[in-house]
Amino acid sequence: MGVMSEALPSFISDQVLDASYFFLNLEPVKKEELRVVCGGLEKCSPDYRLEREEFDYLGVEYVVSGQAKAIIGERSENLRPGCVFGYMPHTYLRIESEGMYPLKKYFVDLSGARAEQMFEESPLRGGGILEMAGSRWVEEIFRQLVKFGSPGGPRANRSCEMLAEVLLMQIGENEIDSEEAESPAYRSYRRCKERIQGDYLRISSVAELASFVRLDQAYIARLFKKYDDESPYRNLVRLKLGHAARLLLRERCSVKFAASEAGFGDAAHFSRVFKKAYGVSPARFPESVKRG
(Lines give C-alpha, C1' and ligand atoms only; values in the text may rest on other atoms or scores of the structure.)
Protein backbone atom coordinates (compact mmCIF):
# COMPACT_ATOMS: atom_id res chain seq x y z
CA MET A 1 0.00 0.00 0.00
CA GLY A 2 1.06 3.58 -0.38
CA VAL A 3 2.08 5.42 2.76
CA MET A 4 0.88 8.94 2.01
CA SER A 5 -2.53 8.42 3.58
CA GLU A 6 -4.36 10.57 6.10
CA ALA A 7 -5.89 7.38 7.51
CA LEU A 8 -2.55 6.17 8.88
CA PRO A 9 -1.87 6.66 12.62
CA SER A 10 0.36 9.58 13.56
CA PHE A 11 3.16 7.29 14.76
CA ILE A 12 3.72 6.02 11.21
CA SER A 13 6.66 7.93 9.72
CA ASP A 14 6.17 10.05 6.60
CA GLN A 15 9.76 9.19 5.59
CA VAL A 16 8.73 5.81 4.22
CA LEU A 17 8.92 5.26 0.48
CA ASP A 18 6.83 2.09 0.33
CA ALA A 19 5.12 -0.07 2.91
CA SER A 20 2.66 -2.83 3.71
CA TYR A 21 0.81 -2.27 7.00
CA PHE A 22 -1.88 -3.99 9.02
CA PHE A 23 -3.84 -2.56 11.96
CA LEU A 24 -5.77 -4.83 14.32
CA ASN A 25 -6.44 -2.91 17.53
CA LEU A 26 -4.95 0.53 18.18
CA GLU A 27 -6.73 0.83 21.56
CA PRO A 28 -6.12 -2.53 23.29
CA VAL A 29 -7.11 -3.13 26.90
CA LYS A 30 -3.83 -2.86 28.78
CA LYS A 31 -4.58 -5.77 31.14
CA GLU A 32 -5.10 -8.24 28.30
CA GLU A 33 -2.52 -10.99 28.06
CA LEU A 34 -1.03 -10.45 24.59
CA ARG A 35 -2.52 -8.46 21.77
CA VAL A 36 -1.04 -7.59 18.39
CA VAL A 37 -1.76 -3.93 17.74
CA CYS A 38 -0.29 -3.46 14.27
CA GLY A 39 2.75 -4.17 12.14
CA GLY A 40 4.22 -3.98 8.68
CA LEU A 41 7.14 -3.80 6.32
CA GLU A 42 8.70 -0.40 5.58
CA LYS A 43 11.20 0.72 2.95
CA CYS A 44 12.56 3.94 4.41
CA SER A 45 13.87 7.03 2.65
CA PRO A 46 17.66 7.64 2.61
CA ASP A 47 17.24 10.43 5.18
CA TYR A 48 14.92 8.42 7.44
CA ARG A 49 14.96 9.63 11.02
CA LEU A 50 12.57 8.53 13.75
CA GLU A 51 12.56 9.91 17.28
CA ARG A 52 9.92 9.26 19.89
CA GLU A 53 9.39 8.55 23.57
CA GLU A 54 5.66 8.66 24.22
CA PHE A 55 4.74 5.42 22.45
CA ASP A 56 2.12 3.22 24.10
CA TYR A 57 3.10 -0.14 22.67
CA LEU A 58 5.85 -2.71 22.95
CA GLY A 59 7.74 -2.95 19.64
CA VAL A 60 9.87 -5.63 17.98
CA GLU A 61 11.62 -4.87 14.68
CA TYR A 62 13.74 -6.82 12.19
CA VAL A 63 16.17 -5.23 9.74
CA VAL A 64 15.95 -6.76 6.26
CA SER A 65 18.46 -4.50 4.51
CA GLY A 66 20.30 -1.22 4.95
CA GLN A 67 21.98 0.20 8.01
CA ALA A 68 21.07 2.68 10.73
CA LYS A 69 22.15 4.10 14.05
CA ALA A 70 19.76 3.49 16.92
CA ILE A 71 19.43 4.73 20.47
CA ILE A 72 17.09 2.55 22.54
CA GLY A 73 16.65 3.93 26.02
CA GLU A 74 20.22 4.73 27.01
CA ARG A 75 21.89 2.25 24.64
CA SER A 76 23.44 3.22 21.32
CA GLU A 77 23.52 0.45 18.72
CA ASN A 78 24.30 -0.16 15.05
CA LEU A 79 21.50 -1.73 13.03
CA ARG A 80 22.33 -3.92 10.03
CA PRO A 81 20.64 -6.74 8.10
CA GLY A 82 19.69 -9.65 10.34
CA CYS A 83 19.37 -7.53 13.49
CA VAL A 84 16.35 -7.85 15.76
CA PHE A 85 15.66 -5.19 18.37
CA GLY A 86 12.82 -4.21 20.65
CA TYR A 87 11.60 -1.66 23.14
CA MET A 88 9.08 -1.41 25.94
CA PRO A 89 6.28 1.18 25.98
CA HIS A 90 7.44 4.76 26.62
CA THR A 91 11.08 3.91 25.89
CA TYR A 92 13.11 6.60 24.15
CA LEU A 93 13.82 5.50 20.56
CA ARG A 94 15.82 7.17 17.82
CA ILE A 95 16.68 5.56 14.48
CA GLU A 96 18.72 7.30 11.79
CA SER A 97 19.35 5.64 8.44
CA GLU A 98 22.92 5.57 7.14
CA GLY A 99 24.93 3.75 4.52
CA MET A 100 24.48 3.24 0.80
CA TYR A 101 21.32 1.08 0.91
CA PRO A 102 17.87 2.25 2.12
CA LEU A 103 16.75 0.87 5.45
CA LYS A 104 14.10 -1.82 5.04
CA LYS A 105 12.55 -3.29 8.15
CA TYR A 106 9.63 -5.21 9.58
CA PHE A 107 7.94 -4.20 12.82
CA VAL A 108 5.19 -5.49 15.07
CA ASP A 109 3.65 -3.57 17.97
CA LEU A 110 2.21 -5.45 20.95
CA SER A 111 0.28 -4.79 24.13
CA GLY A 112 -0.62 -6.71 27.27
CA ALA A 113 0.91 -8.12 30.45
CA ARG A 114 1.89 -11.42 28.82
CA ALA A 115 3.67 -9.63 25.97
CA GLU A 116 5.69 -7.51 28.40
CA GLN A 117 6.58 -10.51 30.56
CA MET A 118 7.83 -12.51 27.57
CA PHE A 119 9.79 -9.51 26.31
CA GLU A 120 11.50 -9.05 29.70
CA GLU A 121 12.43 -12.75 29.70
CA SER A 122 13.97 -12.48 26.21
CA PRO A 123 17.43 -11.23 25.17
CA LEU A 124 15.72 -8.12 23.78
CA ARG A 125 15.11 -6.67 27.26
CA GLY A 126 16.86 -3.43 28.06
CA GLY A 127 17.25 -2.40 24.42
CA GLY A 128 19.37 -5.33 23.35
CA ILE A 129 20.20 -5.95 19.70
CA LEU A 130 20.37 -9.53 18.45
CA GLU A 131 22.42 -10.66 15.45
CA MET A 132 20.28 -13.37 13.87
CA ALA A 133 22.51 -14.09 10.87
CA GLY A 134 20.73 -16.32 8.36
CA SER A 135 17.76 -17.36 10.48
CA ARG A 136 15.05 -17.08 7.87
CA TRP A 137 12.39 -18.13 10.35
CA VAL A 138 12.48 -14.66 11.91
CA GLU A 139 11.81 -12.90 8.61
CA GLU A 140 9.19 -15.52 7.76
CA ILE A 141 7.30 -14.86 11.00
CA PHE A 142 7.18 -11.15 10.20
CA ARG A 143 6.08 -11.89 6.65
CA GLN A 144 3.28 -14.11 7.94
CA LEU A 145 2.24 -11.43 10.44
CA VAL A 146 1.69 -9.02 7.54
CA LYS A 147 -0.07 -11.68 5.47
CA PHE A 148 -2.45 -12.88 8.18
CA GLY A 149 -2.93 -9.48 9.80
CA SER A 150 -3.95 -7.63 6.65
CA PRO A 151 -7.51 -9.04 6.31
CA GLY A 152 -8.38 -8.19 9.92
CA GLY A 153 -11.04 -9.96 11.97
CA PRO A 154 -10.95 -12.59 14.76
CA ARG A 155 -8.86 -15.08 12.80
CA ALA A 156 -6.29 -12.43 11.97
CA ASN A 157 -6.06 -11.44 15.63
CA ARG A 158 -5.58 -15.00 16.86
CA SER A 159 -3.13 -15.97 14.12
CA CYS A 160 -0.98 -12.89 14.74
CA GLU A 161 -1.02 -13.42 18.51
CA MET A 162 0.29 -16.97 18.06
CA LEU A 163 3.02 -15.79 15.68
CA ALA A 164 4.07 -12.99 18.05
CA GLU A 165 4.27 -15.44 20.95
CA VAL A 166 6.52 -17.79 18.97
CA LEU A 167 8.71 -14.84 18.00
CA LEU A 168 9.21 -13.73 21.62
CA MET A 169 9.64 -17.29 22.86
CA GLN A 170 12.27 -18.37 20.32
CA ILE A 171 14.07 -15.10 19.59
CA GLY A 172 17.25 -16.00 21.48
CA GLU A 173 17.71 -19.47 20.04
CA ASN A 174 19.74 -18.53 16.95
CA GLU A 175 21.55 -15.47 18.23
CA ILE A 176 25.17 -15.00 17.16
CA ASP A 177 27.29 -14.30 20.24
CA SER A 178 29.19 -11.02 20.39
CA GLU A 179 32.64 -12.57 19.95
CA GLU A 180 31.58 -14.53 16.85
CA ALA A 181 29.79 -11.48 15.45
CA GLU A 182 33.12 -9.63 15.33
CA SER A 183 35.11 -12.48 13.78
CA PRO A 184 36.62 -11.96 10.28
CA ALA A 185 34.53 -14.83 8.90
CA TYR A 186 31.24 -13.44 10.17
CA ARG A 187 32.10 -9.94 8.98
CA SER A 188 32.78 -11.38 5.51
CA TYR A 189 29.48 -13.26 5.58
CA ARG A 190 27.67 -10.11 6.63
CA ARG A 191 29.32 -8.14 3.81
CA CYS A 192 28.10 -10.72 1.29
CA LYS A 193 24.62 -10.78 2.78
CA GLU A 194 24.34 -6.99 2.75
CA ARG A 195 25.51 -6.87 -0.86
CA ILE A 196 22.90 -9.42 -1.90
CA GLN A 197 20.14 -7.63 0.02
CA GLY A 198 21.08 -4.25 -1.42
CA ASP A 199 21.96 -5.20 -5.01
CA TYR A 200 20.03 -8.38 -5.80
CA LEU A 201 18.51 -6.81 -8.90
CA ARG A 202 21.95 -6.06 -10.34
CA ILE A 203 23.67 -9.32 -9.32
CA SER A 204 22.93 -12.25 -11.59
CA SER A 205 25.16 -14.95 -10.10
CA VAL A 206 27.36 -15.89 -7.16
CA ALA A 207 30.35 -15.28 -9.43
CA GLU A 208 29.26 -11.64 -9.79
CA LEU A 209 28.75 -11.41 -6.03
CA ALA A 210 32.26 -12.79 -5.48
CA SER A 211 33.65 -10.18 -7.83
CA PHE A 212 31.81 -7.36 -6.03
CA VAL A 213 32.96 -8.38 -2.54
CA ARG A 214 36.38 -9.65 -3.70
CA LEU A 215 36.04 -13.07 -2.12
CA ASP A 216 36.37 -16.57 -3.54
CA GLN A 217 33.10 -18.29 -4.54
CA ALA A 218 33.95 -21.45 -2.60
CA TYR A 219 34.70 -19.39 0.51
CA ILE A 220 31.39 -17.55 0.18
CA ALA A 221 29.61 -20.92 -0.06
CA ARG A 222 31.33 -22.08 3.15
CA LEU A 223 30.37 -18.87 4.95
CA PHE A 224 26.70 -19.30 4.07
CA LYS A 225 26.79 -22.96 5.05
CA LYS A 226 28.11 -21.94 8.47
CA TYR A 227 25.96 -18.88 9.16
CA ASP A 228 22.88 -19.12 6.95
CA ASP A 229 20.09 -21.59 6.30
CA GLU A 230 20.22 -21.17 2.53
CA SER A 231 22.98 -20.90 -0.07
CA PRO A 232 23.99 -17.51 -1.50
CA TYR A 233 22.42 -18.46 -4.84
CA ARG A 234 19.10 -19.44 -3.25
CA ASN A 235 19.16 -16.23 -1.25
CA LEU A 236 19.70 -14.22 -4.43
CA VAL A 237 16.98 -16.02 -6.40
CA ARG A 238 14.46 -15.75 -3.55
CA LEU A 239 14.87 -11.97 -3.44
CA LYS A 240 14.60 -11.69 -7.22
CA LEU A 241 11.42 -13.76 -7.26
CA GLY A 242 9.95 -11.73 -4.41
CA HIS A 243 10.55 -8.55 -6.40
CA ALA A 244 8.93 -10.09 -9.47
CA ALA A 245 5.95 -11.28 -7.41
CA ARG A 246 5.37 -7.77 -6.07
CA LEU A 247 5.47 -6.35 -9.60
CA LEU A 248 3.01 -8.94 -10.86
CA LEU A 249 0.66 -8.32 -7.96
CA ARG A 250 0.85 -4.55 -7.63
CA GLU A 251 1.59 -3.36 -11.15
CA ARG A 252 -0.24 -6.08 -13.08
CA CYS A 253 2.68 -6.08 -15.49
CA SER A 254 3.50 -8.75 -18.06
CA VAL A 255 5.51 -11.83 -17.17
CA LYS A 256 8.23 -10.74 -19.59
CA PHE A 257 8.52 -7.35 -17.90
CA ALA A 258 8.63 -8.86 -14.40
CA ALA A 259 11.30 -11.34 -15.50
CA SER A 260 13.42 -8.57 -17.01
CA GLU A 261 13.07 -6.29 -13.97
CA ALA A 262 14.08 -9.14 -11.65
CA GLY A 263 17.20 -9.84 -13.71
CA PHE A 264 16.08 -12.91 -15.65
CA GLY A 265 17.05 -12.68 -19.31
CA ASP A 266 14.87 -15.63 -20.32
CA ALA A 267 11.16 -15.32 -19.49
CA ALA A 268 10.59 -19.06 -19.95
CA HIS A 269 13.35 -19.90 -17.45
CA PHE A 270 11.92 -17.29 -15.07
CA SER A 271 8.46 -18.89 -15.33
CA ARG A 272 9.85 -22.34 -14.46
CA VAL A 273 11.78 -21.03 -11.46
CA PHE A 274 8.82 -18.93 -10.30
CA LYS A 275 6.37 -21.84 -10.50
CA LYS A 276 8.74 -24.10 -8.58
CA ALA A 277 9.00 -21.50 -5.81
CA TYR A 278 5.36 -20.36 -5.61
CA GLY A 279 3.49 -23.40 -6.89
CA VAL A 280 1.76 -21.39 -9.62
CA SER A 281 2.89 -19.80 -12.87
CA PRO A 282 3.67 -16.05 -12.84
CA ALA A 283 0.82 -15.47 -15.28
CA ARG A 284 -1.68 -16.94 -12.81
CA PHE A 285 -0.01 -15.59 -9.67
CA PRO A 286 -2.13 -12.40 -9.18
CA GLU A 287 -5.36 -14.38 -9.62
CA SER A 288 -4.24 -17.06 -7.15
CA VAL A 289 -3.36 -14.47 -4.49
CA LYS A 290 -6.71 -12.75 -4.95
CA ARG A 291 -8.55 -16.06 -4.54
CA GLY A 292 -6.59 -16.82 -1.40
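This is a predicted model: local features need pLDDT of at least 70, side-chain atom pairs count only at pLDDT 80 or more; totals for chains, interfaces and linings use all residues.
Which element of the protein has the lowest mean pLDDT, and which the highest?

1. **Confidence.** Among the elements of the protein, helix α11 (residues 285-291) has the lowest mean pLDDT, at 76, while strand β9 (residues 104-111) has the highest, at 96. Please read residues 1-5 with care: their pLDDT is below 50, although this stretch has twelve contacts in the model beyond near neighbours in sequence. For the protein as a whole, the mean pLDDT is 89, and 95% of the residues reach 70 or more.

2. Take a look at helix α7, which spans residues 217-227. Ile220, Leu223, Phe224 and Tyr227 are buried there. Viewed down the helix axis, the buried residues of α7 fall within an arc of 95 degrees, so they line one face of the helix.

3. **The neighbouring case of α6.** Which residues of α6 are buried? They are Val206, Leu209, Ala210 and Val213. Down the axis of α6, these buried residues fall within an arc of 100 degrees, so they too line one face of their helix. Their cover includes α5, α7 and α8. After α6 comes arginine 214, and its phi is positive, near 60 degrees.

4. **A buried serine in a loop.** Finally, find serine 45 in the loop between β2 (35-44) and β3 (49-52). Is serine 45 buried or exposed? Its relative accessibility is 8%, and the cut-off for buried is under 20%, so serine 45 counts as buried. The side chain of serine 45 makes a polar contact of 2.7 Å with the side chain of aspartate 47. Setting aside neighbours within four places in sequence, serine 45 is also in contact with Gln15, Val16, Leu17 and Ser97.

Terms used
Residues are numbered from 1 along each chain as its sequence is written. Side-chain values use heavy atoms; hydrogens and water are left out. Buried means under 20% relative accessible area, exposed over 50%, partly exposed in between (1.4 Å probe, protein chains only). Helices (H or I, at least four residues) and strands (E, at least two) are DSSP runs, numbered from the N terminus. The arc is that of the directions from the helix axis to the C-beta atoms. Contact means heavy atoms within 4.5 Å. A polar contact is a pair of N or O atoms within 3.5 Å; within protein, one must be able to donate a hydrogen and the other to accept it, and residues adjacent in sequence count only if both atoms are side-chain atoms. pLDDT is the predictor's confidence in each residue, from 0 to 100.
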